Amino acid sequence: MNLLITGATDGIGLALARQYHAQNARLILIGRKPLGELDPAFFSADNYCQADLSQPDAASQITAWLDLRKIQSLDLVIHNAGQGWYGDPRQQSPENVDSLLRVNVYAPLELTYRLLPRLHNGQVAFISSVAANSPAPLYAVYAATKSALEGFTRSLRVEAGGRPIVQVIRLGAVRTGMHAKSGVPAGKFKVEKFPSAEITAANIVRALARRKPGSVTIGAGNALLNWFGRHFPAFIDALAGGRA
């Protein structure tokens with residue numbers, strides 16, 4: 001199986017890569033870190049493409065890397081890379097907003113269309129969040145990018161007609177470094193209570209193995225929150241407002 005994962009150098013992406021490696025998948029790992037900074041026992045010039053998804057030429061770099069290695073067929077693409085920003089939206093710079101839009105929305109859109117000729121009967125999966133259907137105070141732009149991504153996947157699913165299979169995997173909070181990178185103050189959340197990247201990755205792998213088009217929310221509590229967010233938005237908005 002040829003498998004491409006974006007955001008594969010840490011967090012959920014790296015956990016996914018290790019689990020699929022154990023299944024003997026041929027990995028194509030995408031990240032912005034230089035190869036020299038990564039574990040040489042796992043990352044190599046044959047499986048790692050350095051590309052910064054916040055840059056407009058990222059999709060071209062990735063497809064050129066695939067062409068150079070004559071990889072013309074992909075079985076699964078997982079759009080895992082993502083950025084967040086925590087704080088008062090009035091203090092968020094336009095440059096930061098643009099970076100979130102590029103990484104969370106523009107890059108997966110463009111890369112998907114570039115890769116469709118290689119997917120044939122494969123799968124393309126987008127890692128989303130319960131924030132797509134629920135308010136996320138002080139994470140507003142991040143939530144907006146996930147809502148946009150889910151809107152795109154719904155149309156793509158119709159356009160594709162089942163080839164490739166288009167899936168959305170919706171997560172809640174996960175114990176990764178993204179919270180600190182997003183600017184969440186230390187102690188703001190009980191991060192130690194969040195599921196680990198490894199547990200989350202295992203759940204994602206199981207969900208993708210079912211090859212069912214559509215969306216799935218990982219975790220019973222997250223599924224309940226997502227359902228209420230979709231069907232009882234006023235209730236969830238009021239609840240979130242009391243906790244903001």
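**Burial, packing and backbone**

Trainee: Which residues of H6 are buried?
Mentor: This is a predicted model in which local features need pLDDT of at least 70 and side-chain atom pairs count only at pLDDT 80 or more, while totals for chains, interfaces and linings use all residues. Residues are numbered from 1 along each chain as its sequence is written, and side-chain values use heavy atoms, with hydrogens and water left out. Helices (DSSP runs of H or I, at least four residues) and strands (E, at least two) are numbered from the N terminus, and buried means under 20% relative accessible area, exposed over 50%, partly exposed in between (1.4 Å probe, protein chains only). In H6, the buried residues are Ala197, Thr200, Ala201, Ala202, Ile204, Val205, Ala207 and Leu208.

Trainee: Against which elements do the buried residues of H6 pack?
Mentor: Contact here means heavy atoms within 4.5 Å. The partners of the buried H6 residues are H1, S4, S5, S6 and strand S7 (214-217).

Trainee: Which residues touch the most other members of the largest nonpolar core?
Mentor: A nonpolar core is a set of buried Ala, Val, Leu, Ile, Met, Phe, Trp, Tyr and Cys residues joined through side-chain atoms within 4.5 Å. In soluble globular proteins, nonpolar side chains tend to be buried together. Among the 30 residues of the largest such core, those touching the most other members are Leu16, Tyr20, Leu29 and Ile78.

Trainee: Which elements each supply at least two residues of this core?
Mentor: Two of the contributors are helices, H1 (11-21) and H6 (197-209). The strands that each supply at least two residues are S1 (2-6), S2 (26-31), S4 (76-79), S5 (123-129) and S6 (165-171).

Trainee: Is Asn24 buried or exposed?
Mentor: Asn24 lies in the loop between H1 and S2, and its phi is near 65°, a positive value in a residue other than glycine. Most residues other than glycine have a negative phi. With a relative accessible area of 71%, Asn24 is exposed.

Trainee: What is the phi of Arg211?
Mentor: Arg211 is found in the loop between H6 and S7. Its relative accessible area is 38%, so Arg211 counts as partly exposed. This residue other than glycine has a positive phi, near 55°.

Trainee: Which peptide bond is cis, with omega near 0°?
Mentor: Most peptide bonds are trans. Pro164 is placed in the loop between helix H4 (140-160) and S6. The cis bond runs from Arg163 to Pro164.
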